[in-house]
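Dear colleague,

Please find below the model that I am handing over to you. My notes on selected parts of it follow the structure.

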Amino acid sequence: MLKVRLIPCLDVKDGRVVKGVQFVDLVDAGDPVEAAKAYDAAGADELCFLDITASHEARGILLDVVRRTAEACFMPLTVGGGVRTVEDIRNLLLAGADKVSINTAAVKNPDFVREASEKFGNQCIVVAIDAKKVSGEGEPTAWEIFTHGGRNATGIDAIAFAKQVAALGAGELLVTSMDRDGTKGGYDLALVRAIADAVSVPVIASGGVGNLDHLVDGVEKGHASAVLAASIFHFGTHTISEAKSYMAEKGLKMRLDEPAHSASNRAA
Amino acid sequence: MSVVIIDYGSGNLHSAAKAFERAAREAELDLSITVSSDPNMVAKADRIVLPGVGAFADCRRGLDSVPGMVEVLQRRVHEDKRPFFGICVGMQLMATRGLEHTTSYGLDWIHGDVKAIEPSDPSLKIPHMGWNTLELAKPHPLLDGIPTGPDGLHAYFVHSYALTPADPADVVATTDYGGPVTAIVGRDNLVGAQFHPEKSQALGLRLIANFLRWRP
């Protein structure tokens, strides 16, 4: 039976992890490759890098980070942030990313999703949907797509956009509530469910996880296929295995394999 | 002993090569692992790995675009009986035909078609993406020491199409996704995995080590 995926996400800027990873005695807590190895050894089901480097010139640093991570980790790696062209996607895949997440470029030009998925296959094209609730009290619930970290409204309905990009060939959707991101108040479950129920591709819930029940809710109430979190893992609030055991206790189907040997991981 | 991972423009093979190197190291096997698009390397290699990501037709085109590659593969696999391992679309290419978008022809080593997965439960998402367990259909040396069944180890899948062999005896393992989906095929010196061993942590490394030791 297919298991629920738990995905830690690392924000990377200029080749460094933005918020230091504090859960293990890493040689260098700011090195994304070290953090990736630790998550790999801890049993994470996938890993996500979000590149928040401002300048396009610094892309080479990210590609090097992706290359070194792919050499050391035998788990699927998704990389997003600043992906604008087919060439950007090609470079990330050639560096060793398994999936590439597209955000603003898909909003500006949804046909880019078609072009990308036709070229590289649906399985490696993730569309990241950043949405905010825009309906008021008493109105039917509605969410709008925002770009630039939630600053720019687009006027595009989130559910309609999700259906559109799934039809255009996105293999997976990463749904982040900009209202919840960073709040530790839990996912916007209504948003995640509305999208998950509207599309036939897997949906990853993102934005707002503060405790382990939020992860469970993302699947049970949000109907997500995978749940993503950042700070609860980076700051050592919970380990990956604690989170997976807890989700399993709550009745979710989780992969609880012994991870591949971590000592040889370091040697790799 | 030498292993060649065939590079025909289908994505990054560096992590696959690293996984094979690590599996060899852990199994204490002394062998050279080469990523190559050169048919001469394939002609000399003791073991052959054919990876593949993306669409069936694109991968077939990629393979055909390397002059002499398909001929060398046919010879090494059929006449010289070298151990062959197809991974993901590389496994699908072992089939007779792929029906993704358009009909295109595979290598026809495992008779059967590659068709869209149609889970009995319509709420199941496509692609089948993530970690799933294996159900053993017949014993195979590649699964030595790998626990299967609902409590077994997990493999990482990402695919929307699957190979259904015409002869059920070619199925080594299935996975459950709204019904059985072919996970591993095998006959004689040929084996293929729909999932990604190079992304499948413990199961993947053991499977690769078993392939490197395999004497069909």
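In these notes, a residue is called buried when its relative accessible area is under 20%, exposed when it is over 50%, and partly exposed in between, computed with a 1.4 Å probe on protein chains only. This is a predicted model, in which local features need pLDDT of at least 70 and side-chain atom pairs count only at pLDDT 80 or more, while totals for chains, interfaces and linings use all residues. Residues are numbered from 1 along each chain as its sequence is written, chains are lettered from A and ligands numbered from 1 in the order in which they are written, and side-chain values use heavy atoms, with hydrogens and water left out.

Helices (H or I, at least four residues) and strands (E, at least two) are DSSP runs, numbered from the N terminus. Contact means heavy atoms within 4.5 Å.

His140(B) is found in the loop between β9 (135-136) and β10 (154-159) of chain B. Is this residue, His140(B), buried or exposed? His140(B) counts as buried because its relative accessibility is 10%. Beyond its neighbours within four places in sequence, His140(B) is in contact with Val172(B), Val191(B) and Trp214(B).

Gly178(B) belongs to another loop, the one between β12 (171-176) and β13 (180-187) of chain B. With a relative accessible area of 24%, Gly178(B) is partly exposed. Not counting residues up to four places away in sequence, Gly178(B) touches Pro119(B), Ser120(B) and Leu124(B). Gly178(B) and Leu124(B) are 54 residues apart along the chain, and their C-alpha atoms are separated by 7.3 Å.

Helix α4 of chain B spans residues 69-79, and its buried residues are Met69(B), Val70(B), Val72(B), Leu73(B), Arg76(B) and Val77(B). These residues lie on the same side of α4(B), because they cover an arc of only 160° around the axis; the arc is that of the directions from the helix axis to the C-beta atoms. Glu71(B) and Glu79(B), on the other side of α4(B), are exposed. The partners against which the buried residues of α4(B) pack are β1 (2-6), α2 (39-44), β3 (47-50), α3 (56-64), β4 (84-87) and β14 (190-193) of chain B. After α4(B) comes Lys81(B), with a positive phi near 55°.

In helix α5 (residues 111-120) of chain A, the buried residues are Phe112(A), Val113(A), Ala116(A), Ser117(A) and Phe120(A). Seen down the axis of α5(A), they fall within an arc of 125° and so line one face of the helix. They pack against α3 (86-95), β5 (99-102), α4 (104-108), β6 and α6 of chain A.

Helix α6 (residues 158-168) packs with helix α7 (residues 189-198), both of chain A, at an angle of about 35° and with the axes 9 Å apart. Here axes are lines fitted to C-alpha atoms, for helices over the stretch in contact, and angles run from 0 to 180 degrees between N-to-C directions. Which residues of α6(A) and α7(A) meet? Ala158(A), Ile159(A), Ala162(A) and Lys163(A) in α6(A) meet Leu191(A), Ala194(A), Ile195(A) and Ala198(A) in α7(A).

The buried residues of α6(A) include Phe161(A), Val165(A), Ala166(A) and Leu168(A). At the start of α6(A), a side-chain oxygen of Asp157(A) comes within 3.3 Å of the backbone nitrogen of Ile159(A). Gly169(A) follows α6(A) and has a positive phi, near 125°.

Ser135(A) sits in the loop between β6 (125-133) and β7 (143-147) of chain A, and counts as buried at 14% relative accessibility. A polar atom of the Ser135(A) side chain lies 3.0 Å from the backbone nitrogen of Ala142(A).

His214(A) lies in helix α8 (residues 212-220) of chain A and is buried, with a relative accessible area of 12%. Apart from neighbours within four places in sequence, its contacts are Lys184(A), Gly185(A), Gly186(A), Tyr187(A), Gly208(A) and Val209(A).

Yours sincerely

How values were computed: Polar contact = N/O pair within 3.5 Å; in protein donor to acceptor, adjacent residues only side chain to side chain.
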